[in-house]
Amino acid sequence: MNIGFIGLGIMGRPMALNLINAGHSVWVHARRPAMMTPLTDAGATACNTSADVASNADIIFICVSDTQDVEQVILGDEGILKTTKKDSIVVDMSTISPSATRKLATQLTEHNVHMLDAPVSGGEQGAIDGALSIMVGGEKEIFDRVLPLFEVMGKNIVHIGDNGAGQVTKACNQVLIGQTIAAIGEAYILASASGVDPAKVRQALLGGFAGSRALESHGQRMLDRNFKPGFKASLHHKDMRIVIEAAHELGIALPGAAMVTQYLNAVVGNGKGENDSISILELQEQLSGITVNKEKS
Ligand code: NAP
């Protein structure tokens, strides 16, 4: 079976590399040819366009930035649909809009092409280690066909439901992570303003119901004032836009998500979009005139 991989950034590159290292024949495309070199060095075949990938591959993975990028890769002048073979499978692993995903799946079905949405969490390290969480929407039978390849890239792989369900799950993930970061920031400010060591607070809370992977990992980096990404604030900002658009389309209230979005608007507006999304803490500190772990700043 021939595999295609389009989008070779922080996430796509290690994911494609793991597929090559597992012994698969992989056709790759990136806008900048230099991005393909580590993959061709490992045995992949470079393609000039997404259409070239689709003319060679039976299963085509996409991992690009945003909704319009996936649309361009699939529907564009040099896109997948120009050459894709009947019964091939397009697997979009980017984080994009659920409603746009459903439309793309319908358009692909009209051309006898299957689609899965399969966004991920676990970050660059998870991608390198082949340990991503993969949340999948689309037909179960198609999921079963792709599962052995997902297992090369991830560990916690869940078929959630129909097309779009994977992207809805990823949006839920970002709602939870964003609000947890904001909650940790508030807890640290309360502790610091009260003259209580936030590191000790974290240590105590990790063992109880307030304990979480976010408190463990993000909470420590917030104490260290280590704002290096990790997960860029600009990407979390993009993901919260997807959440807020979905809330608008559905007519539902997500006030906590709206608050996180406002924080991320300001992080990006302050020119800190390339920092980790835990940079929300710096804004919370400005509101109260408190610096958490001042000695680390
Ligand atoms: P990235 O490093 O910015 O890589 C994105 C890649 O997509 C770049 O190589 C870019 O090419 C390519 N691309 C963008 N638009 C394109 C287009 N229209 N046509 C062809 N190629 C295009 O981003 P990333 O961190 O790998 O993230 C990729 C996706 O995974 C995003 O949706 C992100 O939200 C999601 N994600 C990221 C993380 C993380 O920790 N980084 C975790 C979970 C999910 P150029 O280099 O030419 O711009």
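Predicted model: local features only at pLDDT ≥ 70, side-chain atom pairs only at ≥ 80, totals over all residues.
Residues are numbered from 1 along each chain as its sequence is written, and side-chain values use heavy atoms, with hydrogens and water left out.

**Exercise 1.** State whether the radius of gyration of the protein agrees with that of a compact globule.

Solution. Step one: the radius of gyration is taken over C-alpha atoms, and the globule rule is 2.2 Å times the number of residues to the power 0.38. Step two: for 297 residues a compact globule would have a value near 19 Å. Step three: the protein has 20 Å, which agrees.

**Exercise 2.** Classify Asp87 and Asn293 as buried, partly exposed or exposed.

Solution. Step one: buried means under 20% relative accessible area, exposed over 50%, and partly exposed in between (1.4 Å probe, protein chains only). Step two: Asp87 has 40%, so Asp87 is partly exposed. Step three: Asn293 has 14%, so Asn293 is buried.

**Exercise 3.** Describe phi at Asp87 and at Asn293, and the peptide bond between Pro229 and Gly230.

Solution. Step one: phi of Asp87 is near 75°, and phi of Asn293 is about 50°. Step two: both values are positive, although neither residue is a glycine. Step three: the bond joining Pro229 and Gly230 is cis, with omega about 15°. Step four: most residues other than glycine have a negative phi, and most peptide bonds are trans.
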